[in-house]
Amino acid sequence: MPWCRPGTSCRSVTPRGWPGDTARCASVGWLPRSTLGYARSAIFDPAVKAAGLDGLGLTPHKLRHTAASLAIAAGADVKVVQQMLGHKSAAMTLDVYGHLFPDRLDEVANALDTGRAAALAARTALAA
């Protein structure tokens, strides 16, 4: 089963007769959808079982969400998470994961207060 490099047409590297329907794999490139079920049953599921995690209902999609959540918790910018997940836009990433990004209104308010205090101090120093 050929894996396609990012930026190449999957149809040009897949054997004749394979459907043109493809799925995006952010780290590898394009993979024919017909191979995804095989990869899950032949590779992913046995690896989960070997790790002793087979009773947890672990799926590749859950791992994807976990990776995104951990990246956000580590301070990753929305554009970084967008690229990591292969989302078309940052808006799509924010629609799905926006609730995980920290509310930074207090930081903004504190920065504005600090700036105002500095400006008032400078004004007072000039007046003296």
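Where is the place of Phe-44? Phe-44 sits in helix H2 (residues 36-50), and this report starts from there.

## About the model

This is a predicted model, in which local features need pLDDT of at least 70 and side-chain atom pairs count only at pLDDT 80 or more, while totals for chains, interfaces and linings use all residues. Residues are numbered from 1 along each chain as its sequence is written, and side-chain values use heavy atoms, with hydrogens and water left out.

## Overall layout

The protein has 6 helices and 2 strands, and its pattern along the sequence is α-β-β-α-α-α-α-α. Here helices (H or I, at least four residues) and strands (E, at least two) are DSSP runs, numbered from the N terminus.

Of the 128 residues in the protein, 19% are buried. Buried means under 20% relative accessible area, exposed means over 50%, and partly exposed lies in between (1.4 Å probe, protein chains only). Among the contacts with a separation of 6 or more, 26% come from residues 24 or more positions apart; contact means heavy atoms within 4.5 Å.

Phe-44 counts as buried because its relative accessibility is 16%. Leaving aside neighbours within four places in sequence, Phe-44 is in contact with Ala-39, Leu-58, Thr-59, Pro-60 and Leu-63. For one of these, Pro-60, the separation from Phe-44 is 16 residues in sequence and 7.7 Å in space, C-alpha to C-alpha.

The buried residues of H4 are Val-78, Val-81, Gln-82 and Leu-85. They line one face of the helix because, seen down the axis of H4, they fall within an arc of 105°. The arc is that of the directions from the helix axis to the C-beta atoms. H3 and H5 are included in what covers these H4 residues.

In helix H5 (residues 90-97), the buried residues are Ala-90, Thr-93 and Tyr-97. Their arc around the axis is only 60°, so they are on the same side of H5. Their cover includes helix H3 (60-73) and helix H4 (78-85).

## The largest nonpolar core

A nonpolar core is a set of buried Ala, Val, Leu, Ile, Met, Phe, Trp, Tyr and Cys residues joined through side-chain atoms within 4.5 Å. The largest one here has 10 residues: Ala-68, Ala-71, Ile-72, Ala-76, Val-78, Val-81, Leu-85, Ala-90, Tyr-97 and Phe-101. H3, H4 and H5 are the elements that give two or more residues to this core. In soluble globular proteins, nonpolar side chains tend to be buried together.

Ala-76 lies in the loop between H3 and H4 and, apart from neighbours within four places in sequence, is in contact with Ala-71, Val-81 and Phe-101. Ala-76 and Phe-101 are 25 residues apart in sequence, with 9.2 Å between their C-alpha atoms.

## Leu-100

Leu-100 is in the loop between H5 and helix H6 (105-127). At 35% relative accessibility, Leu-100 counts as partly exposed. Beyond its neighbours within four places in sequence, Leu-100 is in contact with Ser-69 and Ile-72. Leu-100 and Ile-72 are 28 residues apart along the chain, and their C-alpha atoms are separated by 6.9 Å.
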